[in-house]
Amino acid sequence: MEHTEIESLLSSLIENWEDEVVEFKQAQRNYDTGKIGKYFSALANEANLHEKEQGWLVFGVHNKTRNVNGSEYRNSPEQLNALKMQLAQGTDPSFTFRRIHELTPPEGRVLIFEIPSAPKGIPIAWNGHYYARAGESLTSLSLHKLEEIRTQTRESDWTAEIVKAAGTADLDETAVSTARNNYIRKYANRFSEEEILSWPLETFLDRAKLTRGGRITRACLLLIGRPEADHYLLPQPAQITWKLEDQQRAYEHFGPPFLLSTSALYQKIRNYQIRILPDDALFAMEVSKYDKRIILEALHNCIAHQDYRQNGRILVAEYADHLLIENRGTFFEGTPKDYIEGNRTPKQYRNTFLAQAMAELNMIDTMGYGIHEMYLAQAKRFFPMPDYNLDNPNEVHISIYGKVVDPAYTKLLMKHTNLSMEEILALDRVQKHLSIDDAIARRLRRSGFIEGRKPNLHVSAPIADVTAKKAEYIRTRAQDDEFYKKLICDYIDKFHQASRKDIDSLLWDKLSDALSEEEKQNKISNLLTNLRRAGTIQNKGSKKASEWVRAE
């Protein structure tokens with residue numbers, strides 16, 4: 001913008017004054033970056049809701065008198081560029097000022113921060129929180145406004161849009177052949193193989209719901225497009241990235257055709273055999289570290305449900321004992337828990353056209369059974385259940401385990417093959433030291449599947465395992481509190497007094513190894529408090545230098 005245009009802009013903003021998309025601040029010297037981030041989130045979201053191209057934050061204007069009073073905030077271009085970087089790091093998705101305009105009228109320097117409107121369907125957060133405006137006041141983005149933004153793209157399906165410049169020459173021949181073979185298997189009871197092979201390419205693509213009226217769609221390019229044709233999808237990177245997070249580091253990007261890329265990515269994952277020795281068995285059972293069906297199901301779910309408008313890639317991070325798979329966009333309908341039992345069918349999809357095409361090619365089902373099948377397959381392999389993480393409102397993370405976490409859990413599943421999914425999920429949470437409902441805890445305890453007291457529950461070791469590892473079993477099994485109290489009293493009776501250090505030394509190795517150091521400290525403190533309140537012992541020292549003796 002020319003200097004005169006910026007002056008005209010400032011005059012216009014002052015004349016119309018503050019509303020949901022304009023904020024004035026004096027900011028004579030410094031101004032808190034966290035507050036700037038909150039205003040950035042609020043003004044970007046409100047600009048979206050009011051169908052404005054941008055919002056404005058102005059420094060150097062008195063917000064009561066409307067007079068220019070000048071601002072010394074970040075006087076150098078380097079400092080202002082650093083602010084843009086800070087905004088990009090704290091916003092989600094990453095956003096920053098479109099431009100920062102600077103004016104130096106006689107009254108003093110004025111900064112005009114031009115804040116781009118939040119993209120359609122994507123609210124802007126600052127440090128994990130969404131902000132909005134109520135008139136001239138800063139406030140949290142209400143659920144109503146949040147849903148209004150998020151539902152903006154539900155009417156339009158990015159994957160269904162036609163790419164006018166693309167043609168069949170932009171399709172990968174191997175992917176097209178694989179797609180046709182998958183279609184043949186899916187509809188073996190409806191069409192003969194010869195008939196499907198006889199269809200012209202344009203007919204097959206339309207029937208497989210990859211094209212619309214013979215015209216190439218984004219879904220078609222994602223699934224069976226040539227790698228060189230990915231420029232039609234820009235700025236969407238159209239990538240699935242595998243990275244190895246171990247002592248050695250490696251990575252590789254996989255682009256279209258995704259119909260073939262997911263299998264190629266699976267081949268990069270280290271998938272050796274793991275030996276599990278069942279109780280009362282002479283030979284170990286060997287299972288692969290990861291099940292190919294589970295990995296492909298997770299990857300295909302990411303492709304089908306990715307929010308492509310956020311222009312992010314799908315990430316697959318391989319750690320020593322698990323895979324972490326991430327894709328952009330909220331979990332679209334319900335929560336993962338709703339689908340674990342296999343009883344819920346989604347009513348809508350973010351990418352309806354893409355999901356239908358993937359179903360035609362046997363990559364996914366559209367009945368909501370995919371998550372159920374993943375959990376069931378892990379249970380049949382006696383491995384920990386997958387974990388979903390939805391803490392980030394714009395991402396979905398799933399962890400798939402490739403290692404036994406608690407041998408007791410694994411052996412319990414091997415011995416009791418008729419456990420319900422509800423019981424398996426609860427046992428899985430226990431082995432991961434997560435809480436479970438009291439009702440299911442009572443049921444598992446009655447069945448002899450768990451031991452201990454909340455929150456320190458653990459899966460019961462099978463009898464054969466206890467016999468083989470008695471010492472280890474006793475170390476992890478908590479004793480009754482009365483046992484520990486008697487040890488404390490016996491020590492004081494013999495030596496007449498005990499410091500906290502003495503009592504820690506006495507009990508530390510006798511407490512369950514399932515407790516952390518902090519939990520052991522708290523346990524001992526609680527035991528001493530209970531004995532004191534019961535009038536059994538008293539502290540003749542100070543709080544920091546305790547001297548416990550028998551109560552008089």
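I take contact to mean heavy atoms within 4.5 Å. The model is predicted, so I keep local features to pLDDT of at least 70 and side-chain atom pairs to pLDDT 80 or more, while totals for chains, interfaces and linings use all residues. Residues are numbered from 1 along each chain as its sequence is written, and side-chain values use heavy atoms, with hydrogens and water left out.

**Entry: cores**

I started from Leu210 and left out residues up to four places away in sequence. Leu210 touches Leu205, Thr217, Cys220, Leu223, Ile224, Phe353, Ala357 and Leu361. I then looked up the nonpolar cores, each a set of buried Ala, Val, Leu, Ile, Met, Phe, Trp, Tyr and Cys residues joined through side-chain atoms within 4.5 Å. For burial I use relative accessible area with a 1.4 Å probe and protein chains only: buried is under 20%, exposed is over 50%, and partly exposed is in between. The largest core has 94 residues, and Leu210 is among those that touch the most other members, with Leu223, Ile224, Ile303, Ile325, Leu427 and Ile436. Helix H10 gives the most to this core, 8 residues. Another core, of 23 residues, lies apart from it and includes Leu111, Ile115, Ile124 and Trp126. Helices (H or I, at least four residues) and strands (E, at least two) are DSSP runs, numbered from the N terminus.

**Entry: helix H9**

Which residues of H9 are buried? In this helix, residues 258-268, they are Phe258, Leu259, Ser261, Thr262, Leu265 and Tyr266. They pack against helices H5 (173-186), H8 (218-224) and H10 (292-305), and against strands S11 (240-245), S12 (249-254) and S15 (314-318).

**Entry: cavity and pocket**

I searched a 1 Å grid over the protein atoms alone: a cavity is a set of points where a 1.4 Å probe fits but cannot get out, a pocket is an open set with protein on both sides within 12 Å along at least five of seven lines, and lining residues have an atom within 4 Å of a point. Grid points are joined across faces, edges and corners, and a volume is the space filled by probe spheres set on the points.

I class Ala, Val, Leu, Ile, Met, Phe, Trp, Tyr, Cys and Pro as nonpolar, Asp, Glu, Lys and Arg as charged, and the others, Gly among them, as polar.

The largest pocket holds about 660 Å³. Of its 22 lining residues, Lys337, Ile340, Leu425, Ala426 and Arg429 are closest to the centre. H15 gives the most to this lining, with 5 residues. Here the division is 12 nonpolar, 2 polar and 8 charged.

**Entry: backbone**

I noted two cis peptide bonds. One joins Leu234 and Pro235, with omega about 10°, and Pro235 sits in the loop between H8 and S11. The other runs from Pro256 to Pro257, with omega near 5°, and Pro257 is in the loop between S12 and H9.

Phe382 is a residue other than glycine with a positive phi, near 65°. Phe382 lies in the loop between H13 and S17, and counts as buried because its relative accessibility is 13%.
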